[in-house]
Amino acid sequence: MTTTIFPDAFLSPLVIDEAINRALAEDLGRAGDITSVATVPAHLSGRAVVAARQAGVISGLPLLEAAFRKLDCNVNLTAHVGDGAAVAAATTLMTVEGNARALLGAERTGLNFVTHLSGIATATAAFVSLVAGTRTRVCCTRKTTPGLRALQKYAVRCGGGFNHRFGLDDAVLIKDNHIAVAGGIAPVLARARAVVGHMVRIEIEVDTLDQLREVLKAGGADVVLLDNMDPATLAKAVGTVAGRVVTEASGNITHATAAAVAATGVDYLSSGAITHSSVNLDVGLDIET
């Protein structure tokens, strides 16, 4: 029995268990898989092959494994690739042998996770390839599907990207509305620095070079988010910062603009699209008879 292989982007088993339990409960409902119960003998065994039907980067195999094991604790799985692998179309990802009803009952739940997360990993890898050879790292945002954030951010890491903050509680990100409420850039940074612990980083969003200069003069920020700036303005912003804080470019960055953004020397490029608008990767399961 071989388990699926995690990449360096490890995912907590507690997150996997919670996600699989919730998804299987949603799918099996109150009576279970009544189609399989009605048509498949209870003790019949089966063998299934899971394969990528198009090229992409794989993510979510541990969730597929967990779905099978939840319905058949004795299932035998062989993983042929691990999460984070770039595969060609028709690549076999996993073979599974176990109770036929369990295979059929877990199939859609497990594939839903793999196709969705692999789509995110593939979209992330496409961005990463566009900035190759520069210092810029691709990262995600909090624009995730409610309840799936940890999984989607894991998929970003499988695709070679990096994670922004996971929630409102693990880093300070001061946006325009915070600045307006607090009375300006200097006051909001002073308040934030006086309150947060030494392990918490502070990022502040700016829209103009004048705001950037004000941030640098005030001090207290660890990261500055350069929002919706064109490449020429970004380059000036990076030059103005001169390494004093970490820089992040954000706002409608696409495949068409990613290389130009990275060429400015910005440290991070953040994209909400890699989690909220990625297209599922086609992955399927076939029972061998």
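What share of the contacts in the chain between residues at least 6 apart in sequence join residues at least 24 apart? The share is 71%, with contact meaning heavy atoms within 4.5 Å. This is a predicted model, in which local features need pLDDT of at least 70 and side-chain atom pairs count only at pLDDT 80 or more, while totals for chains, interfaces and linings use all residues. Residues are numbered from 1 along each chain as its sequence is written, and side-chain values use heavy atoms, with hydrogens and water left out.

**Chain overview**

- The chain has 11 helices and 12 strands; these are DSSP runs numbered from the N terminus, helices being H or I of at least four residues and strands E of at least two.
- The C-alpha trace spans about 75 × 35 × 25 Å along its principal axes.

**The four-stranded sheet**

- Four strands form an open sheet in the order β3-β5-β1-β12, with antiparallel pairing; two strands pair if DSSP finds at least two bridges between them.
- β3 (76-79) and β12 (283-288) are the edge strands, each pairing on one side only.
- From one strand to the next the twist averages 15°; axes are lines fitted to C-alpha atoms, for helices over the stretch in contact, and angles run from 0 to 180 degrees between N-to-C directions.
- Seven bridges join β1 (residues 45-52) and β5 (residues 92-99) in the antiparallel sense, and Ser45 stands opposite Asn99 in β5.
- Helix α3 (residues 61-71) lies across β1, β3, β5 and β12, at about 10° to β5.
- Helix α4 (residues 100-130) lies across β1, β5 and β12, at about 165° to β12.

**Helix α5**

- Helix α5 (residues 149-158) is largely enclosed by the rest of the structure, because seven of its 10 residues are buried.
- Those buried residues are Leu151, Gln152, Lys153, Tyr154, Ala155, Val156 and Cys158.
- Their cover includes α1 (13-28), β2 (56-57), α3, α4 and α11.
- Gly160, with a positive phi near 95°, follows α5.

**Thr247 in β10**

- Thr247 is found in strand β10 (residues 246-250) and is buried, with a relative accessible area of 3%.
- Leaving aside residues up to four places away in sequence, Thr247 touches Val224, Leu226, Val238, Val241, Val266, Asp267 and Tyr268.

**Pockets**

- The largest pocket holds about 460 Å³ of space. On a 1 Å grid over the protein atoms alone, a pocket is an open set of points where a 1.4 Å probe fits, with protein on both sides within 12 Å along at least five of seven lines, and lining residues have an atom within 4 Å of a point. Grid points are joined across faces, edges and corners, and a volume is the space filled by probe spheres set on the points.
- Among the 21 lining residues of the largest pocket, Thr141, Lys143, Ser250, Gly251 and Gly272 are the closest to its centre.
- β9 (223-227), β10 and α11 (273-276) each supply at least two residues of that lining.
- The lining of the largest pocket has four nonpolar, 10 polar and seven charged residues (Ala, Val, Leu, Ile, Met, Phe, Trp, Tyr, Cys and Pro count as nonpolar, Asp, Glu, Lys and Arg as charged, and the others, Gly among them, as polar).
- The second largest pocket has a volume of about 370 Å³, and of its 19 lining residues the closest to its centre are Asn163, His164, Arg165, Arg201 and Val223.
- In the second largest pocket, the lining comprises 11 nonpolar, two polar and six charged residues.

Notes. Buried means under 20% relative accessible area, exposed over 50%, partly exposed in between (1.4 Å probe, protein chains only).
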